[in-house]
Amino acid sequence: MKRLLLIRHAKSSWKNLGLTDHDRPLNKRGERDVLTMSAHLAERKEQLDTLYSSTAVRALTYAQHISNATGLALVPERSFYTFDDDDLLHILRALPDSESGIALVGHNPAITNAVNRLGAESITNVPTAAIAALDCAIDRWAELDDGCAQLAYFDYPKMFR
């Protein structure tokens, strides 16, 4: 059994139109939501091995807050800057099997589509800063496939307002 947390980055700012998509920071709501959700995740006391993150500023900022709140080792990885669920699943399948629990901060629509594919769910949209925890009935990450998981919980910022 593997535990996979798929986390969508928090709300980003569009104030500076000169920035590339990769370099956009969090906006005020995003900054507030990362504090709320990082603290909530720490309260859950998840038994995770590693926290992976896209290198996009909005994702990495959120991941750094999670790492600080939980003590999880943070591994920024450019390949997680993807919006395609096929690409995302391909990367996840290559993770070390020694890790039985991982969290990933990434992007939509890849996050929503992966949650729906792996957990056979019908979530229309994983909102910004949301955390979807999946229990995957697999022994190796390479076995990740459609319908292999159960949604353990789905937490998002509006639940805590």
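A residue is called buried when its relative accessible area is under 20%, exposed when over 50%, and partly exposed in between (1.4 Å probe, protein chains only). A129 is buried, with a relative accessible area of 0%. The structure is a predicted model, in which local features need pLDDT of at least 70, side-chain atom pairs count only at pLDDT 80 or more, and totals for chains, interfaces and linings use all residues. Residues are numbered from 1 along each chain as its sequence is written, and side-chain values use heavy atoms, with hydrogens and water left out.

A129 lies in the loop between α4 and β5. Helices (H or I, at least four residues) and strands (E, at least two) are DSSP runs, numbered from the N terminus. Phi of A129 is near 70°, a positive value in a residue other than glycine. K45 also has a positive phi, near 55°, and is not a glycine. K45 sits in the loop between α1 (28-44) and β2. With 64% relative accessibility, K45 counts as exposed. A further backbone feature is the cis peptide bond from N108 to P109, with omega near 5°. P109 belongs to the loop between β4 and α4. Most residues other than glycine have a negative phi, and most peptide bonds are trans.

The interior was examined next. A nonpolar core is a set of buried Ala, Val, Leu, Ile, Met, Phe, Trp, Tyr and Cys residues joined through side-chain atoms within 4.5 Å. The largest such core has 27 residues, and L4, L6 and L92 touch the most other members. Two or more residues each come from β1 (2-8), α3 (85-92), β4 (101-106), α4 (110-119) and β5 (131-136). Helix α4 gives the largest share, five residues. Contact means heavy atoms within 4.5 Å. Neighbours within four places in sequence aside, L6 is in contact with L92, L104, I111, A114, V115, A130, I131, A132 and L134. Another core, of 20 residues, lies apart from the largest one; its members include I7, A59, A63 and I131. In soluble globular proteins, nonpolar side chains tend to be buried together.

Strands β2 and β3 run parallel and are joined by four bridges. Two strands pair if DSSP finds at least two bridges between them. Y52 has V75 as its bridge partner in β3. From β2 the chain crosses through helix α2 (residues 57-70) to β3, in a right-handed β-α-β crossover. Right-handed means that, with the strands pointing away from the viewer, the path from the first strand over the helix to the second runs clockwise.

Three aromatic pairs are found in the whole structure. Rings of Phe, Tyr and Trp (its six-membered ring) pair if their centres lie within 6.5 Å; planes under 30 degrees apart count as stacked, over 60 as edge-to-face and the rest as tilted. The ring centres of Y52 and F80 are 5.8 Å apart and the planes are at 50°, so this pair is tilted. Y52 lies in strand β2 (residues 50-53) and F80 in the loop between β3 (73-76) and α3, so the pair ties together parts that are 28 residues apart in sequence. Both Y52 and F80 are buried. Y81 and F83 form an edge-to-face pair, at 5.3 Å centre to centre and 75° between the planes. F83 is partly exposed, with a relative accessible area of 36%.

Charges over rings were also found. R24 lies over the face of W14, at 3.7 Å from the ring centre. R44 lies over the face of Y153, at 3.4 Å from the ring centre. A charge sits over a ring if NZ of Lys or CZ of Arg is within 6 Å of the ring centre and within 35 degrees of the ring normal.
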